[in-house]
Amino acid sequence: MESILYLLQGFSEVLTPFNLLIVLLGSLLGTVVGVLPGLGPTSAIAILLPMTTILDPTQGIMMMAGIYYGSMYGGSTTAILMNIPGESSSVPTTLDGYPLAKMGKGGAALGVAAIGSFLAGIIGLIGLVLFAPILADQALKFGPPEYFTLMLIALLILFNLTGYSLAKSIIMGLFGFLISLVGIGISSGSPRFHFGFDALLGGFEMISIIIGLFAITEVLKGLEENRVRIKHEKIKNVYPDKKDMKKSMFPILRGSLLGFFLGILPGVSATITSFLSYDVEKKISKTPEQFGKGAIEGVAGPESANNATSSGGFIPLLALGIPASPPLAILLAALMIYGLTPGPVLFEQNSQMVWTVIASMFIGNIILLILNLPLIGLWAKLTEVPFGILGPIILMVSILGAYSVRNSMFDVVVAIIFGIFGYFFHKYQWPIIPFVLCLVLGPKMESSFIQSLEISSGNWLIFFQRPISLTLLLLAAVLIIVSIFLTNRTKKRIKQETGEHMEF
Amino acid sequence: MGIKVISPNRIGAFVAIILGGLSIFEAIRLYPYGNNLLTGDHTFPGMIGVLLILAGGMLLFERKKDEVVLPKGRTAFMMIASIGSLIIYSLSIKYIGYFFSTVLAFLFLIKIIGNYSWIFSIVIATVLTTALYLLFIVLLKTPFPSLLF
C-alpha cells in the first residue's frame, strides 16, 4: 500500500511539462538508435549517456530509462522488417516477424510487437512496484559479506551465460576487474597499476570503455560486413486486425508472465526467455507448422517475454544494485555517475527519485505505444539511413561523448583502444558481458570483500557462517544448475536458428 | 610446408597469464601498505593475478574450434583508416580547434566509408559538425579546445 502512495507521488512529479518532455525525448531517442541496424539497447545507452549529464540526476535517470526501453522497442523494427536482430534476444522475433513482413503483414507484426512490449512492460513494472521495495527492505539486513556473496554468485552465473567458452568468460571477467582496479587504492590511498603514467592515477572512465566496446566496435563490425543500405519490406497497415489481436492476446500474457518471473532470477537473460516463449507458443499452438512461416504468435510471445525480462531486471538493479545484463550495467554506471548508490539504501535515501523514475517508466511505456504505432512508417524509413553517413556519425558522437564525461583526451584514446579490442573480442569470440559487469561491479566487490574480512579478522569462513550469506550460497547452487540447463538449451536454439554462436 | 601458427586462443591464454603475472607483481609492490595479507589494496590484485594465471592455463588446454578470417583489401583499409583518422582527430583537436578538426575528420570518414562525391561529403561534414557543435558545446557546455570557433 505504501508503495502505491509513493508511486502516486512519483506520478505527480513526472506529470510536469518538462519531465514529460524528458521522458518523451528519452523514449524517442532510444527508439531512433534502436531502430538503426546493428545497434541495440547497450549501444544506445552507451552513446547517449554523456548527453544526459546536463540534466539533474532524476531527469537524467528518467531519460536513460526511456532510452533503454525505447531502444528495446526499436530493435524489434529491424528484426521484423529487415531480419536483423539488434541483440540476440530479438532472434526469435525474426523467425516469424520477417516472414510476416514478406507477406505484407510487417505493419501488423510491428503493431503486435508494440502492444506486446507495452503490456509486458506494464506487467514488469507492476512487479517492480510490488517486489522491489520488499527486496530492498530485506536487503537492508545485508552486510558486506552478504553483498560480496550476492555479487559473486551473480557474476558466476553470468559467466556461464555468455554462450562462449567458460575459460574465456572467466578471463574476460578478471580482465574487467583488473581494469576497475587501476587508480587510487581504496584502503591505503596509494596508486595501483599506474606504471608511472599520471593519466592512469584517476583510473579508467567506464563510460569511455563502454562507448569503445559497444559503439566503435559496432562501426568496425559494420565496415567488415560491408553494411550498405538494406532494403526492408514494405509496410501496409500498421494496426493489427481483430483476428491478429485475438491470436496474440494469450501469447502476450504468457510471454509477459514467463519473461517476468524467470527474468527476475539471476542467470536467466532476455534471450533465454524469448526463446522459451517462442518454443512454448509453438508447442501449444494448434498450427505449429505455421511457425517459421509467419505466425503472429511467434512475434507476440517472444517480444513480450523479452520486454518483461528487461523490466524485471530493474528489480535487482534498484533493490540490490546488481545488474542482470549489459544495458543495466551501464544504467548502474549512470547511477554512480550521478552520485547515487544503487541498492537498498537508494530506496531509503533517494526514495522520491526512485519512485519518480518508476512512475516515468509507466508514462514512457504509454508514450511509446501511442507514438510508435503511427510512427512505424517513419522508423522504417530510418532503417534506410546509409551506413556511409551513419558510421561516421556514430564514430564522432562516440569520440565527443567519451571526451565530454571528464573533458579528457585520455578517455578518448581509451575509447578508441577499447573499440579495437571490442572488434577482436567479437571476432575471436571473447565474451564482453563478463568484462562489462566485472568492470562496473569491481570496486563494490572489492570494498565488500575487504570490509567482510576486516569484520572477521581475516577469517574466510565469514561467507559461510552468516545465515543470509549461507542461504544465498545454497540458492546459488540451485540457480547455477537451472542456468546451465537453460543456457545450453538456448545455445543450441541460437545455433539452430542462425547457424552461428552469439553472445547472450 | 606451412609455418605452424600459434592459435588465437593460445595467444589469449598467454596474454591472460602475463596479465596475471603483472597483477601479482603489483600486489607484491602494494603489500607493505596493507594491514595484513587479506585486507589491503594488494588483496584483489593478488587474487585476480592467481586466477588469471589459472584461467589462462585452463584455456591453453582447450581445443581450438573455429577458424577466423580477418578482413583484407579495401575493407581492412577502411577499418584501419577510420581508426587512424580518429586517433589523428583526437591529437589534432588541441592544435586546430574543434570546428576545423571535426569537419576534416567527418569529411575523411564520409569519403572513405560512404565514398560520396567531394561536394556532398563537404556539405554533410559541415552540417554534422555544426549539429554536434550545438549539441556538445552549446547545449552540454563541453569545453573543447577552440581557435576561431
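Helix axes here are lines fitted to C-alpha atoms over the stretch in contact, and angles between them run from 0 to 180 degrees between N-to-C directions. The model is predicted.

**Helix packing in chain A**

By that convention, helix H8 of chain A (residues 166–181) and helix H19 of chain A (residues 433–455) pack at an angle of about 35 degrees, and their axes are 7 Å apart. The crossing of H8(A) past H19(A) is right-handed. On the H8(A) side, the residues that meet H19(A) include Ser169(A), Met172(A), Gly173(A), Phe175(A) and Leu181(A). On the H19(A) side, those that meet H8(A) include Pro434(A), Phe435(A), Gly442(A) and Pro443(A). Sorted by class, the contact of H8(A) with H19(A) has 12 nonpolar residues, 5 polar residues and no charged ones.

**Domains of chain B**

Chain B is divided into two parts, domain 1 (8–60) and domain 2 (73–139). A distance of 40 Å lies between the C-alpha centres of domain 1 of chain B and domain 2 of chain B.

**Contact between chains B and A**

Between the two chains, 54 residues of chain B are in contact with 51 residues of chain A. The table names the elements of chain B that give two or more residues to the side touching chain A.

| Element of chain B | Residues |
|---|---|
| Helix H1 | 8–30 |
| Helix H2 | 43–60 |
| Helix H3 | 73–114 |
| Helix H4 | 118–139 |

H3(B) gives the most to this side, with 16 residues. By class, the side of chain B that touches chain A has 36 nonpolar, 15 polar and 3 charged residues.

Technical notes: Residues are numbered from 1 along each chain as its sequence is written. Chains are lettered from A and ligands numbered from 1 in the order in which they are written. This is a predicted model: local features need pLDDT of at least 70, side-chain atom pairs count only at pLDDT 80 or more; totals for chains, interfaces and linings use all residues. Domain bounds come from an automatic or database domain assignment. Helices (H or I, at least four residues) and strands (E, at least two) are DSSP runs, numbered from the N terminus. A crossing is left-handed if the near helix is turned anticlockwise from the far one by less than a right angle, and right-handed if clockwise. Two residues are in contact if their C-beta atoms, placed from the backbone, lie within 7 Å. Ala, Val, Leu, Ile, Met, Phe, Trp, Tyr, Cys and Pro count as nonpolar, Asp, Glu, Lys and Arg as charged, and the others, Gly among them, as polar.
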